[in-house]
Amino acid sequence: MKKGLAALLTGLLCLTLTACSGGAKEDTKAPAPEAADTEAAEEPQGGNGDELFIGLSMPTFAEERWTIDTETVKSYCEEKGIKLVTACADGDSNKQKEQVSTMITQGINVLILAPNDGDAAAAIVEEAKAEGVYVISYDRLVTGTDLVDVYITFNSWRMGQINGEYIVEKLAEKYGETKGNVVLLKGDPADSCAPLYFGGAYEALKPFIDSGDIHVISENDCVGWKPEEATKHVENAMSIAASENITIDAILAPNDGTANGAIAALGDDLAKETIITGMDAEAAACQRILAGTQSMTSWGDTRKMGRTAVDLAIEFFETGSCTTTSTEKGTDADGNEIDVPAYLLDVTFIDKDNVDLLIDEGYHSKEDIYN
C-alpha cells in the first residue's frame with residue numbers, strides 16, 4: 001500500500017543516491033537492500049551526452065507528498081527509459097547543495113530541484129547552469145537568481161484562495177453572516193509558495209478583516225512547515241482568546257501538517273467546533289476530515305506534477321526549450337523582481353463530501369483514507 005511505499009522510499013532515498021534506467025522495472029515493493037550496498041550497486045556512472053539523465057533533488061520526506069512525488073518520477077522515468085538519480089536533503093540546505101554537486105559530477109543534463117530554502121538554492125542553480133544543466137524549479141521557486149529555466153508548481157494563490165473562501169462561507173453558515181475570530185498561520189517564509197498561498201487566502205478574508213467583521217487573533221509563520229510550530233502558535237492564540245473572552249472560530253492552516261499541529265493544540269473536541277483548513281490531501285488529513293477534526297484541504301495531484309516535470313525535462317533535452325503556461329514573480333541576484341517562465345497545474349477542493357475522489361483518482365487507496 002502507499003503507506004508502505006512511502007516508508008520504504010523514505011528509508012532508502014534519504015540515506016543515499018539511487019538511480020534507475022530503461023531496463024526492467026524496479027519492484028518497489030521488494031525489501032530494500034542495505035544502504036551501503038545500494039549506493040555501490042546503483043550509483044549511476046554518468047551520462048554519455050546522447051541520453052537524458054535527470055537529477056531529482058527533494059527537500060525532505062517529512063511530508064507525505066514528497067515521497068509520492070519521488071515515487072512518481074522514478075516510475076515515470078523507468079517507463080520512458082530515462083536515467084534518474086535522486087536525493088533527499090532532510091531539510092538541510094547545505095546537504096542539498098552537496099548532493100546536487102555530486103549529481104552534476106555524475107553527468108546529469110537536467111536538474112529537477114525542489115529547494116529546501118529558495119534563497120540558499122540560488123548557488124545550486126548557478127553551479128548547475130555553469131555546467132550546462134537545465135534547471136526545473138519544482139513546486140518551490142528558487143529565488144535570488146535569474147537562471148532558472150522553468151518553474152513548475154500548483155497554482156498556490158488559488159489553493160489559498162479556496163481555503164480563504166471556505167472560511168468566509170463557513171463563518172456565514174455559522175453566524176448567518178461572515179464574522180468571527182480567526183487565527184492565521186503561514187507557511188515557511190523560505191518557501192516561495194507560502195506567500196502566494198497566504199496572499200490568495202487573505203484576498204478572500206481581507207474585506208471582512210478591514211470591516212472589522214473578522215477579528216484576527218494572531219498571525220504567524222510556521223518555520224519549516226513544522227506541525228509543532230502550528231501547535232505553539234495556536235496555543236498562544238488560545239491564551240489570547242481566553243484573555244479576551246472570545247472563541248477561535250477558524251484557523252487558516254497552510255498545509256495538512258500544520259493543520260494537524262493546530263488540532264493537537266485544540267484537542268479533538270474543540271477542533272470539531274473550529275473551521276480548520278489544510279493543503280496537500282495527505283491520507284491522515286483525509287482521515288481527520290472524515291472524523292470532523294479538520295474541515296477541508298486543497299489538493300494538487302503531485303503525481304501529475306512529477307510526470308509533467310519529466311516531460312519538461314525531455315523537451316529541454318530534445319529542443320532546448322519547454323512549454324510554459326504563464327510567468328511567476330521571482331528575484332534576481334540583486335533582489336530585483338523578475339518574471340520566471342512557469343507551468344502551473346490546477347488544484348481541487350476536498351472535504352468530507354468528495355474525499356472519495358482521491359480514491360477514484362488512485363491518489364490514495366480506500367484503506368489509506370478509511371483506515
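## Pockets and a helix pair

By class, 4 nonpolar, 4 polar and 6 charged residues make up the lining of the second largest pocket. This is a predicted model, and its second largest pocket holds about 270 Å³ of space. Of the 14 residues that line the second largest pocket, Tyr166, Lys170, Gln294, Ser295 and Lys352 are the closest to its centre.

Let's turn to the largest pocket, with a volume of about 410 Å³. Here 23 residues form the lining, and the closest to the centre are Thr60, Ala62, Glu63, Gly224 and Trp225. Two elements, helix 9 (256-266) and helix 11 (283-291), each give two or more residues to this lining. Helix 9 gives the most, with 3 residues. In the lining of the largest pocket, 7 residues are nonpolar, 6 polar and 10 charged.

Here are the two volumes together:

| Pocket | Volume |
|---|---|
| Largest pocket | about 410 Å³ |
| Second largest pocket | about 270 Å³ |

Now for a pair of helices. The axes of helix 4 (residues 93-106) and helix 5 (residues 122-130) cross at roughly 10° and come within 10 Å. Angles under 35 degrees count as roughly parallel, so helix 4 is roughly parallel to helix 5. On the helix 4 side, the contact is made by Gln96, Lys97, Val100, Ser101 and Ile104, while helix 5 brings Ala123, Ile124, Glu127 and Ala128. Sorted by class, this contact of helix 4 with helix 5 has 5 nonpolar, 2 polar and 2 charged residues.

Key
Residues are numbered from 1 along each chain as its sequence is written. This is a predicted model: local features need pLDDT of at least 70, side-chain atom pairs count only at pLDDT 80 or more; totals for chains, interfaces and linings use all residues. Side-chain values use heavy atoms; hydrogens and water are left out. Axes are lines fitted to C-alpha atoms, for helices over the stretch in contact, and angles run from 0 to 180 degrees between N-to-C directions. Helices (H or I, at least four residues) and strands (E, at least two) are DSSP runs, numbered from the N terminus. Angles under 35 degrees count as roughly parallel, over 145 as roughly antiparallel, 65 to 115 as roughly perpendicular and the rest as oblique. Contact means heavy atoms within 4.5 Å. Ala, Val, Leu, Ile, Met, Phe, Trp, Tyr, Cys and Pro count as nonpolar, Asp, Glu, Lys and Arg as charged, and the others, Gly among them, as polar. On a 1 Å grid over the protein atoms alone, a cavity is a set of points where a 1.4 Å probe fits but cannot get out, and a pocket is an open set with protein on both sides within 12 Å along at least five of seven lines; lining residues have an atom within 4 Å of a point. Grid points are joined across faces, edges and corners, and a volume is the space filled by probe spheres set on the points.
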